[in-house]
Amino acid sequence: MDRAQRFDFSLESDDRTEEEKLWQKPGKKSGLASSLGQESPKAPMDTDYQEEMEKTKPQIRFNLHFDKAIRGKTETDNKRDSRTFNIDRLFEAAASGDARKLAGLHQYLHQNMKKLSDSLYQSYGKTALMKALLHLRDGKNETVELLIDISEKMGDIKKFVDSAYTNSYYKGQTALHIAIERRSISYVKLLVSKGADVHAKACGIFFQQHDGPNFYFGELPLSLAACTNQPDIVDFLMENEHQRADAQMTDSQGNTVLHALVVVADNSEENTEFITSMYDSILTTTARLHPKLKLEDIANNQGLTPLKMAAKAGKIGLFSHILKREFQESHTKHLSRKFTEWVYGPVTCSLYDLASVDSYEDNSVLDILVYGSDIPNRHDMLQTEPLSRLLESKWKTFGRGMFCLNFLVYLLYLVIFTIVAYNRRDGKNPFDVEHTTNGYLYITGQLLTALANIYFFIIGILDMRRKRPKLQTLLIDGYYEILFFLQGILFLLAATLYLCKRQEYLSFYVLCLALSWVNLLYFSRGDIHMGIYSVMIQKMILSDILRFLFVYVVFLFGFSAAVVTLLIEPPSRNLTKTPGKGRIFGQVDSDEPCIKPTYRNISYTTMELFKFTIGMGDMEFIEDYQYKEVFYLLLISYIVLTYILLLNMLIALMNRTVERTALESSSIWQLQRAITILDMEKRLPCCLRKGLRCGVEKKLGTALGDDRRRCFRVEEVNWNKWNINLGKINEDPGCWDRVQQPGSDAPPVRHHRGRSWRGFFIEGSRRWRQIPESTEMNRLHTPPI
């Protein structure tokens with residue numbers, strides 16, 4: 001390595017004319033743009049038309065025309081000839097693909113001490129080699145080989161092939177990225193053989209995920225080849241003799257090539273097929289090259305492994321494949337997450353690896369799916385094995401018992417709270433303790449109620465910090481946690497006012513009592529029928545009723561203000577009495593005539609108009625109003641808009657919500673129950689959580705040697721798969737007198753030996769073969785005999 005390469009500095013020669021230098025001189029930025037750090041718009045990645053060249057940046061260069069003034073040459077003599085190669089001529093030749101246009105290039109560079117990697121031959125980092133690769137015709141461009149050959153002769157081949165875009169939009173893209181994107185394995189091999197960096201990162205804005213046009217593929221060449229379904233290039237990059245691509249290399253987001261495959265998955269059948277195939281290929285190749293490397297355990301900057309990322313992104317096809325991946329070969333069996341333990345007839349017993357799946361671990365797949373309200377396909381993903389059986393096992397192990405116990409304890413709390421509130425003592429508070437049995441019981445009830453609500457308040461804070469619910473979370477997962485938290489707040493406010501001797505405590509106290517009974521509906525999720533009913537109520541309140549109330553309140557107060565303004569103030573009576581403060585109706589004495597309130601009172605008017613909405617309005621009006629026609633017009637318009645229009649719209653919206661919820665009723669209930677299971681599990685002490693952990697420790701005996709894993713056993717019934725292989729199984733050789741010959745279409749002859757289970761199954765399978773069946777696991781349905 002010479003000194004220039006060591007310090008990343010080289011002195012370039014410059015043979016431009018003064019006119020060219022003046023034209024290529026960069027302009028000054030405006031003061032505002034400079035202060036904000038903004039740059040002028042960048043050129044596109046490529047164009048078939050006039051190239052938008054970057055202005056030459058200031059740099060120390062050797063001027064080849066420094067002696068022209070000494071020799072007395074004028075500016076008119078300083079003209080270009082046909083042997084001069086500037087960046088425009090290079091780019092034009094590279095785009096045309098005509099190698100003849102580059103004739104004499106090597107001689108010119110040699111005579112003028114120039115190199116193809118010089119900054120004068122780059123525009124925003126883009127070189128003639130990149131230009132040529134962007135203009136392949138039938139996968140070829142004759143100038144590519146010529147440019148690489150000339151650069152190699154000039155001694156800058158490494159710098160030339162590794163040159164990358166410098167503008168922020170396409171930053172980091174090299175010729176190798178372009179060759180891979182153009183699906184040219186021949187040029188990929190050529191570039192790698194010449195020293196191209198297989199770990200170069202295209203990290204520009206265009207290659208990141210954002211709302212605008214973008215193409216995220218993981219920044220690295222290996223990830224680009226994998227995400228564009230080029231297995232031959234992937235194999236070459238990982239196993240070539242020059243520089244092998246390391247599969248554990250990460251991009252700026254910490255994503256490996258496996259993470260990148262998760263990002264580009266879209267759940268379509270064709271896409272899932274190629275993604276899963278590429279995923280397994282990279283996994284097996286990495287295991288062969290680096291046996292001790294656990295590629296799937298590498299987490300990105302968000303702490304997500306490929307499996308967790310697939311769960312969070314809702315990529316159900318790839319997610320299901322990873323969970324159920326099983327390799328039969330001994331040298332790749334340790335890469336499996338599913339291990340077949342035994343098979344008998346249609347029944348298969350499998351062991352599923354619980355690593356990163358069980359909620360016993362932090363940030364597990366179950367946690368991500370259960371608490372991720374913005375995950376598409378979340379209901380379907382929770383039905384994937386082993387997640388469905390795992391949740392059922394947790395429910396049977398500890399969930400059902402804890403849920404029933406919580407229900408009984410909460411019911412006892414409600415009874416105590418109601419009795420204490422019903423026997424509330426009047427007088428100056430806080431009240432003195434009565435040293436009687438009833439007094440002690442009353443104080444004990446108050447203390448138990450206070451402790452329970454303090455518990456709800458603390459648990460609510462912890463749940464808020466852990467789940468960080470959004471509006472979408474409330475619409476999908478329910479909001480009982482928030483209601484319990486609000487219940488605790490109301491009680492604490494009531495207790496504070498009570499200790500401060502304020503009678504206003506009673507308002508918060510009764511609100512807390514009412515809300516406590518409403519929260520009893522939380523325990524309806526223990527039953528599928530009541531749970532769905534509760535879900536429908538929650539959805540209608542948050543979606544349909546809230547929107548209705550917003551529009552209705554606008555109409556109510558708008559028309560109330562108009563009616564109040566239109567009416568005339570009635571003649572005043574009882575001038576010596578002042579109505580009670582804070583009341584609509586004032587108190588009167590026995591000898592004082594009763595005064596009926598009028599629509600001139602806005603509170604009374606609002607209440608009467610609300611009665612009209614629910615069909616309880618009173619058509620009695622006093623005569624003190626102006627413009628009779630306008631008054632009736634307002635009243636009729638209000639009735640039409642609220643009683644006829646808004647209420648019927650609300651009924652229609654609620655009916656749609658019920659129908660939509662009924663379609664996914666089972667999955668919604670299972671999700672609600674899953675949330676409850678995980679909430680209860682996380683509140684258990686560590687010792688109990690460990691003892692109630694699902695699964696068994698198994699020594700699998702794979703190529704890793706002492707491969708011990710926590711596995712969950714699942715027994716599945718697959719009649720379709722058994723029927724396909726039924727002709728190959730001879731479990732009862734005595735039943736057959738003649739074996740069907742290959743190629744014969746005639747059914748085998750079998751003597752009648754009475755009704756048997758095997759004959760029953762074979763007969764049933766023949767009937768089933770007439771109807772196309774899916775290959776998914778189905779429940780065992782035994783037809784009547």
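**View 1. Helices H5 (105-111), H6 (128-133) and H7 (142-154) are among the elements that cover the buried residues of helix H4.** In this predicted model, helix H4 spans residues 87-96, and its buried residues are Ile-87, Leu-90, Phe-91, Ala-93, Ala-94 and Ala-95, where buried means under 20% relative accessible area with a 1.4 Å probe, protein chains only. Helices are DSSP runs of H or I with at least four residues, strands are E runs of at least two, and both are numbered from the N terminus. After H4 comes Gly-97, with a positive phi near 75 degrees.

Residues are numbered from 1 along each chain as its sequence is written. Because the model is predicted, local features need pLDDT of at least 70 and side-chain atom pairs count only at pLDDT 80 or more, whereas totals for chains, interfaces and linings use all residues, and side-chain values use heavy atoms, with hydrogens and water left out.

**View 2. The largest nonpolar core holds 136 residues.** Such a core is a set of buried Ala, Val, Leu, Ile, Met, Phe, Trp, Tyr and Cys residues joined through side-chain atoms within 4.5 Å. Leu-133, Leu-191, Leu-237, Ile-282 and Phe-319 have the most contacts inside this core, and helix H19 (residues 387-422) supplies its largest share, 12 residues. Leaving aside residues up to four places away in sequence, Leu-133 touches Val-144, Ala-175, Ile-178, Ala-179, Arg-182, Tyr-187 and Leu-191, a contact being heavy atoms within 4.5 Å.

**View 3. Strand S4 (residues 347-353) is mostly covered, with six of its seven residues buried.** Strand S3 (residues 338-344) pairs with S4 in the antiparallel sense over six bridges, pairing being assigned if DSSP finds at least two bridges between two strands. The two strands form a hairpin with two residues between them, and Gly-345 in the turn has a positive phi of about 60 degrees. Val-347 of S4 is the bridge partner of Tyr-344, and Val-347 also stands opposite Val-717 in S6. Strand S6 (residues 708-717) runs antiparallel to S4, and seven bridges join the two.

**View 4. The whole protein chain contains 30 helices and six strands.** Of its 785 residues, 42% are buried, and among contacts between residues at least 6 apart in sequence, 71% join residues at least 24 apart.

Conventions. Buried means under 20% relative accessible area, exposed over 50%, partly exposed in between (1.4 Å probe, protein chains only).
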